[in-house]
Amino acid sequence: MTEKINANQNESLQQLVAYVAEKSAFYKKVFSERGIDINTIHTPADLTKLPFTTKDDLAQYNDDFLCVPKNKITDFVTTSGTMSDPVAFYLTDLDVERLAANEAASFRCADGSENDIYQLMTTIDKRFMAGLAYWMGARKIGAGIIRVGPGAPFLQWESIQRFSPTVLIAIPSFIPRLLDYADANGIDYASSGVNSIICIGEPIRNADFTLNELGKRITSQWNVKLYSTYASTEMGAAFTECHEGKGGHLNPDLLILEVVDDEENAVEDGGLGEVVVTTLGVEGMPLLRYKTGDLCHVHYKPCACGRDTARLGPVVGRKQQMIKFKGTTIFPPALFDVLDMVKEIELYQVVVSKNEYGNDEITVLLPMQLQTAVFKEMLHSLFKSKLRVSPVMEFVTAEELTFRIYKQEKRKPEKLIYI
Ligand SMILES: [Zn+2]
């Protein structure tokens, strides 16, 4: 990174440490219990003098992280909480502005401009931070945005035809459904004017940056460019790909990034580790060395786009979502990747449970019409060849499966559940 970025980061970090030492009940306690002298923290390299903040800390001492009185809070959000209860997150007016600045920078990184019209296919309410960020970011770069929300293929196509958006913002696994709907209803999507999709929440690439099965499935059917973005409520910032598609770029004004191995040491260029972030410029709930649980490859070499900021590859898995199945370690994205290879599978849900011996079991729920001996044998062999193990298959009606995946009270489709 350049010297100017380094100087800015050093200054923002020093301000942050002084701020939480004064305002955050949680960090005040941590600093005093561990005898940490904040005057010894000058640069990101000094962060190793501080302990990590974990998801458990955030859940257990949630409100102790808050640095302002509650009447200063503008927006109340919660984390997604796939594995646990969602945690509260509070944004002040300044934090909302930071979020807008983050998303504006993200859109620009993904080649967005004031000439673009975005179609938002995620929820903007339900206490969800990202939808709000997209709306504000588009506004900030002078672009237009259509808030269609999730699901509703008819309304998506009707909006595309009526308003001619250039960019879709979507959970990528929704796109094959959208295209199937278009095919079934004679919609000419090839000439729609949509030229790219910002893909959130799920990887579209393999670790070597080639498109994964889902990414291939979308681009083989539709001539669009895919941009991946990785973000979370806790960081209030996104890692977004540029046109090179070689991992999401860090925004160094908003985050300090560390990627650490199991022994909590920084991994080398190209290595795989857990993403750890320190949030810069946050007023409501700033975090120091927050362990996200997300495992990514990190790349420090300058990108061909000219940016020299660190880049993160696709999320290989979440630490807490690691499945030990019949002696093999599997992360859910690897299961999705196999299922996405099969054209006949439009809907699926992966159910992870514990058996009577405390071992993980994996069941894949599929639509009833696929329940033939030929199909089962094909999928079984495919799983065996790709992952060495094959999960149990269960077949339910398409209606029931749709109901299970697209629950009204959930913000995202549930491709994965734990019972
Ligand atoms: Zn780049």
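**Helix 7, the zinc site and the overall fold**

The buried residues of helix 7 pack against helix 6 (153-163), strand 5 (167-170), strand 6 (196-200) and helix 8.

Trainee: OK, this is a predicted model. Which residues of helix 7 are buried?

Mentor: Helix 7 covers residues 174-184, and its buried residues are F174, I175, P176, L178, L179, D180 and A182. Just past the end of helix 7 you'll find G186, with a positive phi of about 65°.

Trainee: Helix 8 is one of the partners there. How is helix 8 placed against helix 9?

Mentor: Helix 8 (residues 213-221) and helix 9 (residues 332-340) pack with their axes 8 Å apart, at an angle of about 35°. On the helix 8 side the contact uses E213, L214 and R217, and on the helix 9 side D337, L339 and D340. By type, that's two nonpolar, no polar and four charged residues.

Trainee: On to the metal. What makes C242, H249, C303 and C305 donors of the zinc ion?

Mentor: Distance. A donor has to be an N, O or S atom within 2.8 Å of the metal, and SG of C242, NE2 of H249, SG of C303 and SG of C305 lie 2.1 to 2.3 Å from the zinc ion. So these atoms pass the cut-off.

Trainee: And why is the site called tetrahedral?

Mentor: Four donors get that label if all angles lie between 85 and 135 degrees. Here the angles among the four donor atoms are 104 to 113°, so the site is tetrahedral.

Trainee: How are the donors spaced along the chain?

Mentor: The pattern reads C-x6-H-x53-C-x1-C. The pair C242 and C305 links distant parts of the chain, 63 residues apart. C242 is in the loop between strand 8 (237-241) and strand 9 (248-249), while C305 is in the loop between strand 12 (290-299) and strand 13 (311-312).

Trainee: Zooming out, how do you know that the radius of gyration agrees with a compact globule?

Mentor: For 419 residues a compact globule would come out near 22 Å, and the chain has 22 Å, so the two agree. The C-alpha atoms fill a box of roughly 65 × 55 × 45 Å along the principal axes, and buried residues make up 54% of the chain.

Trainee: How many helices and strands does the chain have?

Mentor: 11 helices and 20 strands.

Methods
Residues are numbered from 1 along each chain as its sequence is written. This is a predicted model: local features need pLDDT of at least 70, side-chain atom pairs count only at pLDDT 80 or more; totals for chains, interfaces and linings use all residues. Side-chain values use heavy atoms; hydrogens and water are left out. Axes are lines fitted to C-alpha atoms, for helices over the stretch in contact, and angles run from 0 to 180 degrees between N-to-C directions. Helices (H or I, at least four residues) and strands (E, at least two) are DSSP runs, numbered from the N terminus. Contact means heavy atoms within 4.5 Å. Ala, Val, Leu, Ile, Met, Phe, Trp, Tyr, Cys and Pro count as nonpolar, Asp, Glu, Lys and Arg as charged, and the others, Gly among them, as polar. Donors are N, O and S atoms within 2.8 Å of the metal (3.2 Å for Na, K and Ca); water is not among the atoms, so sites may look incomplete. Four donors count as tetrahedral if all angles lie between 85 and 135 degrees; four count as square planar and six as octahedral if opposite donors are over 155 degrees apart and all others between 65 and 115; anything else is irregular. The radius of gyration is taken over C-alpha atoms; the globule rule is 2.2 Å times the number of residues to the power 0.38. Buried means under 20% relative accessible area, exposed over 50%, partly exposed in between (1.4 Å probe, protein chains only).
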